[in-house]
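Welcome! Please take a first look at the sequence and the model shown here, and then read on for a short tour.

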Amino acid sequence: MSAFIAYLLLPLVGIGIWQLDAVKKLDLGGRIAIAGAFGAAIVVAVLAGLSIVSIGWSRSVVISIVVVITAISIYVARPLRTREKHPIDRGAMAALIVIAILIIYGLLDARLSCGDLHFFWGPKAVRFYRDGGVTLGFLADPNTVRMNPGYPLLLPLLYVWSETIARQFSWFSAVLSTALFLFGSVALVRSTSRDDRAAVLMAATLAYAFAIADAAGAGEPPLIFFETLAIVAITFIRDRRAQTVLAALGLACAVMTKIEGATFAIAVVLAVLIIRRTLKQTILIAAPAALLLGAWLAFVRMHDLSEYYRGAAMPIYFAAVTKTLLTLAKAASYELYGLPWIVPIVLIAIAPNRRNAALPLLIALLTFGAAFFFYIHLPDPTWWILSSAPRVLLTPLTALVIASAAAWRSADDLS
Amino acid sequence: MYPSRDMILLAQVAADIVPRGATVTAIRPADAPDYDITLYLTAGGMMPRHRVVPPNLDAADRPQFVLAVREPLSNPHYRLYRELPEGRIYEAVK
């Protein structure tokens, strides 16, 4: 239980981000989700920082630092109460509760668990915790080359935070944290779009797609959460400073969660440049992510760790294009005739403000295209696509659902 | 059922039986010689106090213990150490 409580504490650690006026204007669900993202970034930064300066992760050291940061965070966030209230659609709330019950049931009986949790996300966290830090000895060990030592470390370090509180790794808490990331994403969409029905669509789409993709405990739930934060910030938030800070936070966390986070960051940069044509803001949004990823890649390269970031430089197999497209289409159908895609596309097509959907829609197109581009780097990618595409395509699917919400909002109705 | 599910159960029990610090690998013997690497990765998360290594059973520095799910292991370098409802543990012949 305490292992799961560790995740629930993250919003408290990151509550300092409520200092932003635009965040204060959001409803409680959205504010908690944003504080959770910031709290996750803080906790991971503390653990990584301690490893960088070669201080072991003793429970007292880690918790003391986090408690001090939390106290400062609460102080700067005052006043914690706001008068902002949004009308609640009771039917939508009932639908969200039903979806929550279904997904939590699926998570708790472990049938949605991702193999990758057992193959490397979990084992990495277990070893890091046992070693009292991220050790080069473990990452560079030839025996761990199959555990993707070049993968960024945010998720294993979040799991280490949970272990630090509970004194042991809890597989079920790791699986159940998926529900927090999922409904954190839903809260972000609901709060920033002020559209309860959009939140229901987001919840239904993600819960169903997570179930089909067996994503629980893997990198995708946090990745989608951070990506959602970045997309809704640049799509729905009016205040330029808050937009930049929250998008930068989302991108930085996304690139440090999964290798696909880097592709997403590039897609966001291109989309903002093309649609908004604001070079300065684009640089500010992308800078933290670029710095963190650059530092991580320098570390990986310096120690010759196994990594897959250079996949784009591998030869392309044009003969595999047709097969890749067909297999990708099969995976993208999510065993429901592609309904998760069709619904938001139809919503965009009949929406009154389609132009508002341009930015998230372009992100969806770019990330879908990137997935296809990487898959044609194998002569026969069938197995690779079928085993990974339902998870990889969650990113364009999420962006598409957010685009459908944006298309139904007028430009003067931003948060 | 995936064999990795069986390995989760076997590795959990084996963690208290196999001496701490020993090198261990995890296999399904029927997969020989192309063992499914996900089984030893899974065991790695379940046995943090052991050194879980890839399944190179015929190498000079072969693992001291082998966790085997489903079928029995037939390898001259190993003998049965413990038979459990979840699977078998083999020890390297010295």
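Predicted model: local features only at pLDDT ≥ 70, side-chain atom pairs only at ≥ 80, totals over all residues.

Residues are numbered from 1 along each chain as its sequence is written, while chains are lettered from A and ligands numbered from 1 in the order in which they are written.

**Chain B as a whole**

- Chain B holds two helices and five strands, where helices (H or I, at least four residues) and strands (E, at least two) are DSSP runs numbered from the N terminus.
- Reading from the N terminus, the order of elements in chain B is α-β-α-β-β-β-β.
- Along the principal axes, the C-alpha atoms of chain B fill a box of roughly 30 × 25 × 20 Å.
- Of the 94 residues in chain B, 44% are buried (20 or more other C-beta atoms within 10 Å of the residue's own, with C-beta atoms placed from the backbone).
- Among contacts in chain B with a separation of 6 or more, 62% join residues 24 or more positions apart; a contact means C-beta atoms, placed from the backbone, within 7 Å.

**Helices α17 and α20 of chain A**

- Helix α17(A) (residues 339-349) packs against helix α20(A) (residues 394-407) at an angle of about 25°, with the axes 8 Å apart; axes are lines fitted to C-alpha atoms over the stretch in contact, and angles run from 0 to 180 degrees between N-to-C directions.
- The pair α17(A) and α20(A) is therefore roughly parallel (angles under 35 degrees).
- The residues of this contact include W341(A) of α17(A) and L400(A) of α20(A).
- The contact of α17(A) with α20(A) has 10 nonpolar residues, one polar and no charged; Ala, Val, Leu, Ile, Met, Phe, Trp, Tyr, Cys and Pro count as nonpolar, Asp, Glu, Lys and Arg as charged, and the others, Gly among them, as polar.

**Helices α14 and α18 of chain A**

- Helix α14(A) (residues 259-275) and helix α18(A) (residues 358-375) pack at about 140°, with their axes 9 Å apart.
- The residues of the contact of α14(A) with α18(A) comprise 13 nonpolar, two polar and no charged.

How values were computed
Buried ≥ 20, exposed ≤ 12 C-beta atoms within 10 Å, placed from the backbone. Contact = placed C-beta atoms within 7 Å. Parallel < 35°, antiparallel > 145°, perpendicular 65-115°, else oblique.
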